[in-house]
Amino acid sequence: SLNVDFRSSGQKIPDSLFGISFEEINHAGAGGLWAELVNNRGFEAGGKNTPSNIDPWTIMGDESLLVVSTDRSSCFDRNEIALRMEVLCDNTESTVNSCPAEGVGVYNPGFWGMNIEKGKTYKVIMYVRSFESINISIALTGPNGLPTLAKSEIIAEHVSNWTKVEVMLEAHETNHNSRLQLTTTRKGVIWFDQVSAMPMDTFKGHGFRSDLFKLLADLHPGFIRFPGGSFVEGQWLMNAFRWKETIGSWETRAGHFNDVWRYWTDDGLGQFEFLQLAEDLGALPVWVFNNGISFNDVVDSSTIYPFVQEILDGIEFARGSPESPWGSIRASMGHPKNFDLRYVAIGNQDCWRKNYRGNYLKFYSEIKSAYPDIQIVSNCDGSSQKLDHPADLYDFHVYRDAKSMFSMANYFDHTMRGGPKAFVSEYAVTGNEAGRGNLLAAVAEAGFLIGLERNSDVVEMASKAPLFVNVNNQGFNPDAIVFNSWQSYGTPSYWMQHLFKNSNGAILVNSTLHYSSGNSLISSAVSWKSNDGKTYLRIKIVNFGNNKVNATISIDGLKRNSVRTNGSTQIVLTSGNVMDENSFNKPTKVAPVRSALKNASNYMKVTLSPNSINCFDLLI
Ligand code: AHR
């Protein structure tokens, strides 16, 4: 039996208790949320070396017809590499080999195929240079060059200086595994640089793939942590995410090798875009920055100051006035208004690494003296002992098997009160039993989150990690959202988070669960007012056991007739088998099902299915 005492409502749950944690992992951004279709658009993937790594660009035609190489002739200072294509064949001159009818050149298959859809428009931009006149065909085609889905010819005479070319291609057929081809049938040398193909239907034109953005927005996240995780640290400092390298117009960005998750990113999704994403989601940005520590090298605390200045500049970029040096760059990128940056985290999982405290203290004191209101997150665990340094929050990561995740629900019952609050910025059930994200993981995580709700006096924020996975690069499993070039779905853990989104800013209502045997149940009660002024009481009960449970719910402080049957509902997240997962074919096999709560009252008999998350939403 569960007794809810509506008279003794507890504390207000933080407005941003439940949010999301974005990391550039599993091609979450490059080839994922960031809708750019071209992979390695500046040919920079090999760094500043020549020949550079042009992968996945592929040459069309053999050596007798063209020679493709890279050089450092780009017109952009920060990304020097350009592609040089020397065409040896010609279809207008009889003295040389003729080119094949389809031409010779290069193609880019994007990130495991580009999704091109009939009726949609794609903006292709590139930079070209040649000392001769050019005749280039720009085409979106199927995977083997056929069929042609959209095409445009560029004929130009005076391009001896780098020239920006922009075309709109409207697709007249759909293919989810397409490529972008740049071909010619004319002899000569052409240089290409910064080739981009963007769908025109991104969220507000901000570059976020619309289906993936919607999955995030539907969660109503209170915050978004970015850009990682380990991605922030890097295996080596030279490869870590450096925000200044990721701002300015896209074609000027260098891109960098994500050496933790081992892939190249063009940094289209840069610092500005992360802040924009937070704003578009209505979520508070939480910026995790590199603190001069990577997996393999560390900056000495005595020489950390340039790193500290970089972060102070980053805060100014986010929230300085449009007249300030860095705020003016944000304004020039189209956002004169400041972004609502209130939280920063000094590093990721670095507490135990050499120099953490020394570096941390320098970041902390400089940030606090310039921006006293900024909330600073330490990497050291403040739940088991008092921190030996000042902090507003401490980071807490939980990766466990399902059983111990469920039992972690009680963890914060026993932690100290009065100190910095916990930011549970990464939690997930992992291991083989979690599959690629199944009901078992979702139910155990829901139990854990109930524990966080009940302890939200000491837990300020929580997010599951990782957020996204491209099925072609499943580097870390399980994840909340799975996608390929054109499809996406939420795992059961994604749907589980939906059942907690109303808790942000809600009032925790006291409740006590009595059970006769086992400890596979956990519950909470929260109340909130909806936008139309209605008050709801949500009673959540998670059944982590394999048996059906018959329970009674009694609510003190509410008269029977103050609960409205019409408008009260029940939501259940369960499935026939605890190992069930969602898939592209059955994206909502395990998803919440809402139905009328016909017996809504201050005393109810309810049945809890095995391995289920149950919400009883009473309209009062
Ligand atoms: O969420 C995946 C990884 O797990 C993160 O990059 C890291 O912080 C943690 O170890």
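Lys 204 is exposed, because 10 other C-beta atoms lie within 10 Å. The structure is a predicted model, in which local features need pLDDT of at least 70 and side-chain atom pairs count only at pLDDT 80 or more, while totals for chains, interfaces and linings use all residues. Residues are numbered from 1 along each chain as its sequence is written.

## Backbone features in the loops

Lys 204 sits in the loop between strand S13 (188–199) and helix H1 (210–217). Helices (H or I, at least four residues) and strands (E, at least two) are DSSP runs, numbered from the N terminus. Most residues other than glycine have a negative phi, and most peptide bonds are trans.

| Residue or bond | Feature | Value |
|---|---|---|
| Lys 204 | positive phi | near 50° |
| Gln 349 | positive phi | near 50° |
| Leu 146 to Pro 147 | cis peptide bond | omega near -10° |
| Phe 226 to Pro 227 | cis peptide bond | omega about -5° |

Gln 349 belongs to the loop between strand S18 (343–346) and helix H6 (356–370). Gln 349 counts as partly exposed because it has 17 C-beta neighbours inside 10 Å. As for the prolines, Pro 147 is in the loop between strand S9 (134–141) and strand S10 (148–156), and Pro 227 is in the loop between strand S14 (223–226) and helix H2 (230–233).

Now to the strands. Five strands form an open sheet in the order S4-S5-S13-S8-S11, with antiparallel pairing. Two strands count as paired if DSSP finds at least two bridges between them. At the edges are strand S4 (66–71) and strand S11 (163–170), each of which pairs on one side only. On average, neighbouring strands of this sheet are turned by 30° against each other, direction ignored. Within the sheet, S8 and S13 are joined in the antiparallel sense by eight bridges, and Tyr 127 stands opposite Asp 193 in S13.

Met 126 is part of strand S8 (residues 121–130). Is Met 126 buried or exposed? Met 126 counts as buried, because it has 23 C-beta neighbours inside 10 Å. Leaving aside residues up to four places away in sequence, Met 126 touches Val 165, Phe 192, Gln 194 and Val 195; contact here means C-beta atoms, placed from the backbone, within 7 Å of each other. Met 126 and Val 167 are 41 residues apart in sequence, with 9.1 Å between their C-alpha atoms.

## Strand S6, covered on both faces

In a regular strand the side chains alternate between the two faces of the sheet. Strand S6 (residues 104–108) has both faces covered: Val 104, Val 106 and Asn 108 are buried on one side, and Gly 105 and Tyr 107 are buried on the other. S6 runs antiparallel to strand S3 (residues 58–60), joined by three bridges, with Tyr 107 as the bridge partner of Thr 58. S6 also runs antiparallel to strand S12 (residues 175–184), this time with five bridges, and Val 104 stands opposite Thr 184 in S12.

## A nine-stranded sheet

Another open sheet has nine strands in the order S31-S30-S33-S28-S27-S26-S1-S29-S32, with mixed pairing. Strand S31 (593–596) and strand S32 (603–608) are its edge strands, each pairing on one side only. The average twist from one strand to the next is 25°. Strand S29 (residues 549–556) pairs with S32 in the antiparallel sense over six bridges, and Met 604 in S32 is the bridge partner of Ile 553.

Helix H8 (residues 439–454) lies across several strands, including strand S26 (507–513) and strand S27 (521–529), and runs at about 60° to S27.

## Two helices side by side

Two packed helices are described by the angle between their axes and the distance between the axes. Helix H4 (residues 305–319) packs with helix H5 (residues 325–332) at an angle of about 45°, and their axes are 7 Å apart. Axes are lines fitted to C-alpha atoms, for helices over the stretch in contact, and angles run from 0 to 180 degrees between N-to-C directions. H4 and H5 are therefore oblique to each other; angles under 35 degrees count as roughly parallel, over 145 as roughly antiparallel, 65 to 115 as roughly perpendicular and the rest as oblique. In their contact, Asp 313, Glu 316 and Phe 317 of H4 meet Trp 326, Gly 327, Ile 329 and Arg 330 of H5.

Conventions
Two residues are in contact if their C-beta atoms, placed from the backbone, lie within 7 Å. A residue is buried if 20 or more other C-beta atoms lie within 10 Å of its own, exposed if 12 or fewer, and partly exposed in between; C-beta atoms are placed from the backbone.
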